[in-house]
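Please work through the following exercises with the structure in view. Each task is followed by a solution in steps.

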Amino acid sequence: MFYVLGFKPLDTLRVFFIHPLSSAYGISEVLLKACPLVLIGLGLAIGFRANVWNIGAEGQLTIGAICAGGIALAIGEQNFAFTVFVMVILGALGGMAWASIPAFLKVRFNTNEILVTLMLNYVAILLLSYLVHGPWRDPFGFNFPQTALFHPSAMFSPLYPGFRVTGSIFMVIGATIIAWGVVTRSFLGFQMTIVGKAPKAGRFAGYRENQAIWLGLLIGGGAAGLAGMAEVAGPLGQLLPTISPGYGYTAIIVAFLGRLHPVGVVFGGLLVSLIANGGESAQMQLGMHSSLAQIFQGMLLFFVLAADVLVFYKLKLVTR
Amino acid sequence: MSLLELRGITKRYPAVVANDDISLKVEAGKIHAVLGENGAGKSTLMKIIYGATAADEGQIFWCDNPVRINNPAAARQLGIGMVYQHFSLFESITVAENIAVALNQKLNLETLSSEINLISKKYDLLVEPDRLLYHLSVGERQRVEIIRCLIQNPKLLILDEPTSVLTPQAVQGLFVTLKQLASEGCSILYISHKLEEVFQICDSATVLRGGKVVDSILPSATTIGELAHMMIGAQPPTTHRQRGNINPSSKLEICHLSAPAEDHFGSDIRDTSLTVQGGEIIGIAGVSGNGQAELFRLLSGENLHSEPDAVRINDVGVSHLNANERRRLGLACIPEERLGRGAAAGFNLRDNLCLTHHGKNLVHYGFIKHKEADKRAAQVIDRFSVQCDGPGAAAQSLSGGNLQRFIVGREIELNPTVLIVSQPTWGLDVAAAAFIRQTLIDLSRAGSAVLVFSEELEELLEICDQIAVMYAGQMSPPMPRSGADIEQIGLLMAGEGFSTQATPQGD
């Protein structure tokens with residue numbers, strides 16, 4: 001494709017894959033983008049295993065960011081040691097609360113969670129937009145739709161000066177370990193996987209489907225809320241109309257790339273982040289149009305997922 | 001000149017040689033049986049004749065001409081019709097429409113209906129062309145399948161285990177039809193593992209074992225014992241069944257249980273009552289589709305019921321409790337679907353053990369004790385002779401017989417006071433079937449109450465102390481085995497003696 005469009009293929013691939021990793025700053029950027037993808041991907045993967053299709057991570061992370069941001073703005077210039085801690089908790093709770101809406105509707109009325117979570121995304125984003133345009137707008141912000149910058153005590157500080165990766169990476173590592181424990185070892189994780197993959201057997205075993213639905217959505221929502229909080233308390237430092245370049249949706253792909261397994265999700269998140277950063281480098285270095293970079297990303301993911309299917313199935317030409 | 005001849009047919013699958021150098025001949029106007037136990041290769045052979053599969057080696061001759069049968073349409077063109085064991089009919093359309101679907105021509109439904117009526121009267125296969133299929137009983141559906149074949153004027157009719165879904169009386173009716181067809185020149189290929197039937201109507205028989213032909217014989221020239229020996233390759237196993245003592249502390253009671261069907265394809269349960277005591281096995285006979293599946297789900301806990309005392313285990317009302325809670329009270333169940341319900345496909349045996357054993361010391365602070373589960377799975381594999389690659393083997397890698405051994409073993413290891421089983425030996429080879437039947441008997445003699453749902457009357461007569469019959473969601477009072485009259489049971493299975501209201505499913 002690159003060749004056809006007039007770029008040197010090898011150079012392009014180098015820019016996409018090697019360049020982002022060739023400097024410490026580059027690695028930090030890859031990690032930075034990977035953190036929310038992995039975190040949300042972990043939560044979503046657990047839900048997908050139980051056949052709970054949470055497409056609302058984008059909205060859940062927005063609500064988490066709003067809750068965390070609200071605390072930061074309320075604290076204002078005061079310096080409390082535990083601000084970040086409170087923001088973490090509220091971010092997760094916010095995401096969970098947003099996810100509890102589709103959970104309740106599905107359990108009570110058997111509504112389709114794909115539709116509900118998707119629609120709630122728009123509600124959440126519009127809510128954020130309202131807040132930053134209106135009540136929470138920074139009075140000193142020259143009328144731009146943004147809130148005041150958060151006080152440093154309300155933020156994750158960068159790991160190393162000059163890099164944007166923050167201490168939230170430890171949160172992600174911790175989440176990975178917990179997710180691994182839940183999925184591979186815990187009885188709840190086992191129940192959810194059975195209910196998702198073999199529902200009749202799950203019913204026979206007496207596993208409760210409603211429990212799997214609640215847990216699947218709450219875990220996904222909580223993870224997304226945490227990720228949203230980490231974004232605004234990290235690289236963004238304030239609330240803006242757009243706080244996520246589609247992390248909630250991309251995380252779905254990351255979850256499947258990782259075959260719904262926590263370790264796989266980590267690698268999937270790193271890969272997708274690498275490609276995303278590579279795309280940005282390609283734009284700057286080669287003058288490539290941003291949509292080309294996105295096409296390349298899409299093709300890459302498509303082929304990776306297709307390879308996954310072809311491991312189990314063989315294409316056969318049938319002549320009738 | 002023979003109508004159909006097979007020479008040297010061989011078919012290999014990755015794990016097994018299903019057909020090994022099989023040769024047989026069918027003459028015009030004769031009824032030829034293909035005998036063999038489950039797993040002997042009968043179905044594969046029929047698929048090859050009908051064109052659903054291609055043989056790796058060998059030749060097929062039709063009227064002494066070599067032919068290649070590439071697909072079922074080609075088979076039908078030659079004049080071969082097939083009635084499968086599990087029907088391929090659509091429930092939501094009428095009889096006439098179902099038959100029309102199979103015919104590859106433009107036709108008028110009215111002319112088709114009159115043709116159907118003609119055939120139906122000629123062969124005494126009573127069906128009404130305008131009835132929606134899901135109203136029909138299993139026996140009636142089989143008639144539709146047969147008519148669907150007959151309307152294409154076949155020269156050869158293949159029937160795959162036709163009597164497994166019929167009452168004893170209906171079986172006789174089928175035999176009359178088959179003899180009539182044969183006398184008109186249509187040959188019949190009759191697949192079965194039931195020896196008495198073969199003796200009744202077949203002119204000749206080929207016995208298969210392990211994919212090979214053991215012998216081609218004339219039933220008139222041999223005995224049932226010899227045939228059984230040929231089929232199994234050894235003396236058929238006997239089950240030991242002495243009278244046991246009643247253990248009053250184990251008890252399953254069904255008290256006036258009534259429940260509406262879940263959808264209009266199902267069966268209502270109407271005022272069923274039964275008591276099973278520890279130390280005895282009670283069997284529920286009946287053609288499938290008469291409410292057995294629904295009743296099983298109400299007993300196992302997969303479906304709940306608002307009246308808590310409708311189902312009682314050991315004197316405790318449990319109808320509102322789910323499967324898990326009933327298991328804690330001492331219940332164990334073995335459903336008729338193995339892969340997909342009794343065991344989860346895509347998981348290994350150790351995980352499948354956790355399906356029902358999670359209440360027994362396998363979960364520690366929310367985490368599964370994998371080592372303990374492995375150990376227990378290995379115990380089950382060992383005690384019940386499950387042939388597999390160990391606890392880590394995927395459930396779908398086991399053969400039907402071995403998976404059933406594992407499921408039965410898993411439930412027995414729970415030491416249940418009450419065990420409910422549905423179709424315990426369906427599709428299993430003789431050795432596995434005998435093993436499981438003996439296991440059920442031993443469990444009941446150890447003091448548990450055992451309830452068995454089965455379509456195979458012979459099986460119930462072999463292992464049960466009492467037999468009840470289900471028809472249209474109702475249950476007859478149980479009859480002791482020793483005085484049981486097969487003809488009487490057959491009449492009950494067909495609905496005699498039950499009040500006729502809702503959907504009849506007998507014959």
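Predicted model: local features only at pLDDT ≥ 70, side-chain atom pairs only at ≥ 80, totals over all residues.

**Exercise 1. Domains and the contact between chains**

Task: State which domains are assigned to chain B, and describe the side of chain B that touches chain A.

Solution. 
Step 1. The domain assignment divides chain B into domain 1 (4–232), domain 2 (243–330 + 419–507) and domain 3 (335–415).
Step 2. Between domain 1 of chain B and domain 3 of chain B, the C-alpha centres are 37 Å apart.
Step 3. Turning to the contact, 23 residues of chain B meet 14 residues of chain A. On the side of chain B, two or more residues each come from helix 10 (323–328), helix 11 (349–357) and strand 18 (367–368).
Step 4. Sorted by class, this side of chain B comprises 10 nonpolar, 10 polar and three charged residues.

**Exercise 2. Helix 1 of chain B**

Task: Determine how many of the nine residues of helix 1 of chain B are buried, and state what follows the helix.

Solution. 
Step 1. A residue counts as buried if 20 or more other C-beta atoms lie within 10 Å of its own.
Step 2. In helix 1 of chain B, the buried residues are Lys42(B), Ser43(B), Thr44(B), Leu45(B), Met46(B), Ile48(B), Ile49(B) and Tyr50(B).
Step 3. Because eight of the nine residues of helix 1 (residues 42–50) of chain B are buried, this helix is largely enclosed by the rest of the structure.
Step 4. Gly51(B) follows helix 1 of chain B and has a positive phi, near 90°.

**Exercise 3. Core and helix packing in chain A**

Task: Identify the residues with the most contacts inside the largest nonpolar core, and describe how helix 7 and helix 9 of chain A pack.

Solution. 
Step 1. The largest nonpolar core contains 249 residues, and Ile40(A) and Ala233(A) have the most contacts inside it. Helix 9 (residues 209–236) of chain A contributes the largest share of this core, 15 residues.
Step 2. Leaving aside residues up to four places away in sequence, Ala233(A) touches several residues, among them Ala68(A), Val84(A), Met87(A) and Phe150(A).
Step 3. Helix 7 (residues 187–197) of chain A packs with helix 9 of chain A at an angle of about 110°, and their axes are 10 Å apart.
Step 4. Angles from 65 to 115 degrees count as roughly perpendicular; helix 7 of chain A and helix 9 of chain A are therefore roughly perpendicular to each other.
Step 5. Helix 7 of chain A makes this contact through Leu188(A), Gln191(A), Met192(A) and Val195(A), and helix 9 of chain A through Glu209(A), Ala212(A), Leu215(A) and Gly216(A). By class, these residues are five nonpolar, two polar and one charged.

Notes:
Residues numbered from 1 in each chain as written. Chains lettered and ligands numbered in written order. Domains from an automatic or database assignment. Contact = placed C-beta atoms within 7 Å. Helix = DSSP H or I, 4+ residues; strand = E, 2+ residues; numbered from the N terminus. Nonpolar A, V, L, I, M, F, W, Y, C, P; charged D, E, K, R; others polar. Buried ≥ 20, exposed ≤ 12 C-beta atoms within 10 Å, placed from the backbone. Core = buried A, V, L, I, M, F, W, Y, C linked by C-beta atoms within 7 Å. Axes fitted to C-alpha atoms, helices over the stretch in contact; angles between N-to-C directions. Parallel < 35°, antiparallel > 145°, perpendicular 65-115°, else oblique.
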